[in-house]
Amino acid sequence: MADQPFRFEDGASYEKMMGRWSRIIGATFLDWLAPRSGLQWADVGCGNGAFTELVVERFAPTAITAIDPSEGQLKFARARPGTKGATYVQGDAMALPLADASVDAAVMALVIFFVPEPARGVAEMARVLKPGGLAAAYAWDIFGGGFPMEPIQAELSALGFQPVRPPRADASRVDALQKLWRDAGFVDLEAREISATRTFADFEDYWTTNLLSNSIAAAVAGLDRATIAQLKERVRDKLTGGADGLITSTSRANAIKGRKPV
Ligand SMILES: C[S@@+](CC[C@H](N)C(=O)[O-])C[C@H]1O[C@@H](n2cnc3c(N)ncnc32)[C@H](O)[C@@H]1O
């Protein structure tokens, strides 16, 4: 399971805070993968089903097994009308509850930096893929400033607080992803950056939405009221609101894809 600041137990909060990002960036990622319809999929670390839903809507899988350790996330996912037909299973990326060579596509959307041993997770994707199958992932570019909560993280750092990062943040680097894919034996590797833009109604919407992130909430919970007020002002100054007050926020991820040799 993920380390404490990155627990994912509330599928509804996740939807507001991250699920919307996931759908925006996931759409570009899936365009890039351009898979055939009617495949058998494994969605590893499916969370509350935000990305699973995109796959179902766009590529009509014959089967999709969506796996996550968090029952809270899975409960929300199972209630999603858009993923009827998906099989949600509680499980871990490092021991996938799937038979060898049983799926055509295995994906990790915003997950690899939470897997305690990323190489074991990627090896598991290789095990469950059929020869020729597609293995793909994307992860926020943590060290390149791509994390959606980066404006808050940066101001926390400027005030002298350590940024809270996913436990295996190193795996988000593009060279780390390429090495993981090569070491797992995948071929035809391609990598790219994907960026996404999301709009918030106003600064309060931006702030309260991002405080639904356990990592940001944990950092802010340790501050006194004056420091929180200072932090908010600094973040507000950094974000450009339009004349209509809308706040536009941009994030960026590194993505990788490859195939299991035939
Ligand atoms: C940021 S969410 C991504 C969810 C979904 N894929 C999406 O794009 O919205 C990360 C998910 O990884 C899951 N996770 C954490 N550790 C995991 C592990 N060892 N194996 C599989 N999933 C894990 C968490 O429970 C959480 O639901």
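A crossing of two helices is called left-handed if the near helix is turned anticlockwise from the far one by less than a right angle, and right-handed if it is turned clockwise. The model described here is a predicted one, and in it the crossing of α4 and α6 is right-handed.

**Helices α4 and α6**

- Helix α4, which covers residues 118–128, packs against helix α6, residues 174–183, at an angle of about 50°, and their axes are 9 Å apart.
- Because of that angle, α4 is oblique to α6.
- The contact is made by Pro-118, Ala-119 and Val-122 on the α4 side, and by Leu-180, Trp-181 and Asp-183 on the α6 side.
- By class, this contact of α4 with α6 has 5 nonpolar residues, no polar residues and 1 charged residue.

**Around the ligand**

- The ligand has 24 residues around it, of which Ser-22, Gly-45, Gly-47, Ala-93 and Ala-109 come nearest.
- Both α1 (11–33) and α2 (50–59) supply at least two residues of the shell around the ligand, and α1 gives the most, with 3 residues.
- Sorted by class, the shell around the ligand has 16 nonpolar, 6 polar and 2 charged residues.

**Gly-133**

- Gly-133 lies in strand β5, which spans residues 129–140, and Gly-133 counts as buried because it has 25 C-beta neighbours inside 10 Å.
- Leaving aside neighbours within four places in sequence, Gly-133 is in contact with Val-103, Asp-104, Ala-105, Ala-106, Arg-259 and Lys-260.
- From C-alpha to C-alpha, Gly-133 and Val-235 are 44 Å apart in space, and they are 102 residues apart in sequence.

Definitions and conventions:
Residues numbered from 1 in each chain as written. Predicted model: local features only at pLDDT ≥ 70, side-chain atom pairs only at ≥ 80, totals over all residues. Helix = DSSP H or I, 4+ residues; strand = E, 2+ residues; numbered from the N terminus. Buried ≥ 20, exposed ≤ 12 C-beta atoms within 10 Å, placed from the backbone. Contact = placed C-beta atoms within 7 Å. Near = placed C-beta within 6 Å. Nonpolar A, V, L, I, M, F, W, Y, C, P; charged D, E, K, R; others polar. Axes fitted to C-alpha atoms, helices over the stretch in contact; angles between N-to-C directions. Parallel < 35°, antiparallel > 145°, perpendicular 65-115°, else oblique.
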